[in-house]
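Please read the following report alongside the sequence and the model shown here.

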Amino acid sequence: MKFTLSLMIFFITFSVQAERFRSKIHTIDTSMRSNVPHLVKLENGRVIFVDAKENDLLNTFKGSMRHDDLLEIEMDDRNNFLSAESVAELEDFNALKTSNARASFDPTIVEGYSNALSIFRKMRRDYQSNSQCYNRAHIWQYEESKSSGVASQKTFLFFTNRYIRNYRYKWWFHVSPMLLVRENGDVVERIIDRRYTSGPRYVKTWTNIFVATNRTCPVASRYTDYSRNQESQDCYLMKVSQYFWQPRDIVSRDNSGRVKTDWIKSEVNHAYWEAF
């Protein structure tokens with residue numbers, strides 16, 4: 001049992017197959033009810049459920065978040081938290097990022113569903129089985145941008161605390177590339193999620209894959225539209241440019257008023273390394 005840098009394990013569950021991954025903590029939702037778990041949301045999209053009575057464990061996670069620790073975390077195949085330890089960070093992405101003044105992003109309008117399908121079929125499928133959605137999406141869009149010049153958007157699907165707790169859902173967000181496609185004279189939005197669909201899909205068709213209630217996910221313009229409204233909806237959508245990599249890029253945009261307008265090579269390299 002371990003959790004270095006003041007983090008400690010308070011319980012462990014035997015598992016034949018354990019999953020290990022590295023991530024920082026994005027946010028922590030503290031429960032006020034003894035029968036409702038705390039939610040530790042990791043930057044890679046995973047959720048750690050902490051029993052409401054485990055206040056010491058919760059406090060160590062809060063300390064790790066304050067110190068911006070990169071953690072190597074172990075979960076079992078039932079999504080139970082087993083252990084974590086801090087590890088050295090290879091690259092400081094916060095320092096490497098460069099932003100430009102807020103500027104418009106003009107996504108390419110793809111002519112016809114057949115062309116959208118062609119783009120979808122070119123997307124690589126040799127990703128690692130345990131790869132994260134934001135890394136896959138970043139590489140898919142980077143490679144298409146470099147090969148054909150198509151500029152696409154990303155659609156982030158954020159799950160609310162209500163939904164996560166009701167379904168003990170292990171993710172708090174998912175993200176995929178999105179194309180604007182001209183079909184029968186109208187421009188429509190098509191999600192191209194090469195892992196979970198067999199072709200370009202309408203946004204609602206795509207969200208229904210992940211949202212068991214099939215409820216419509218409102219479109220948020222700012223991250224706080226989602227973060228401050230965790231009990232009234234099951235999910236929210238946010239649409240951003242292809243250059244956004246993780247939810248923290250959205251938070252940074254909202255807080256600073258500045259947005260990324262080009263690929264950041266260190267992020268692309270990291271996404272290749274983790275996804276492919």
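## Basis of the report

The model is a predicted one, in which local features need pLDDT of at least 70 and side-chain atom pairs count only at pLDDT 80 or more, whereas totals for chains, interfaces and linings use all residues. Residues are numbered from 1 along each chain as its sequence is written, and side-chain values use heavy atoms, with hydrogens and water left out.

## Helix α4

Helix α4 covers residues 133-148, and its 16 residues reach 22 Å from the first C-alpha to the last, close to the 22 Å expected at 1.5 Å a residue. Helices (H or I, at least four residues) and strands (E, at least two) are DSSP runs, numbered from the N terminus, and the expected span of a helix is 1.5 Å times one less than its number of residues. After the helix comes glycine 149, with a positive phi near 85°.

Of the 16 residues in α4, 12 are buried, where buried means under 20% relative accessible area, calculated with a 1.4 Å probe on protein chains only. Among them are Tyr134, Arg136, Trp140 and Glu144, and cysteine 133 also counts as buried because its relative accessibility is 6%. The buried residues of α4 pack against α3 (113-122), β9 (153-159), β10 (173-183) and α9 (265-275).

## The disulfide

If a disulfide is taken as a pair of cysteine sulfur atoms within 2.5 Å, the count comes to 1. Cysteine 217 is joined to cysteine 235, with an S to S distance of 2.0 Å, and the link is left-handed, with -85° about the S-S bond. Because cysteine 217 lies in the loop between α6 (203-210) and α7 (223-227) while cysteine 235 lies in strand β12 (residues 235-241), the pair ties together parts that are 18 residues apart in sequence.

Cysteine 217 counts as buried at 6% relative accessibility, and cysteine 235 is buried as well, with a relative accessible area of 0%.

## Strand pairing

Two strands are said to pair if DSSP finds at least two bridges between them. Strand β10 runs antiparallel to β11 (residues 186-191), and 6 bridges join them; glutamate 183 has aspartate 186 of β11 as its bridge partner. The hairpin of these strands has 2 residues between them, and asparagine 184 takes a positive phi near 55° there.

Elsewhere, 3 strands form an open antiparallel sheet in the order β1-β5-β6, with β1 (18-23) and β6 (81-86) as the edge strands, each pairing on one side only. Strand β5 (residues 71-76) pairs with β6 over 5 bridges in the antiparallel sense, and the bridge partner of leucine 71 in β6 is serine 86.

Methods. Buried < 20%, exposed > 50% of the residue type's maximum accessible area, 1.4 Å probe, protein only. Contact = heavy atoms within 4.5 Å.
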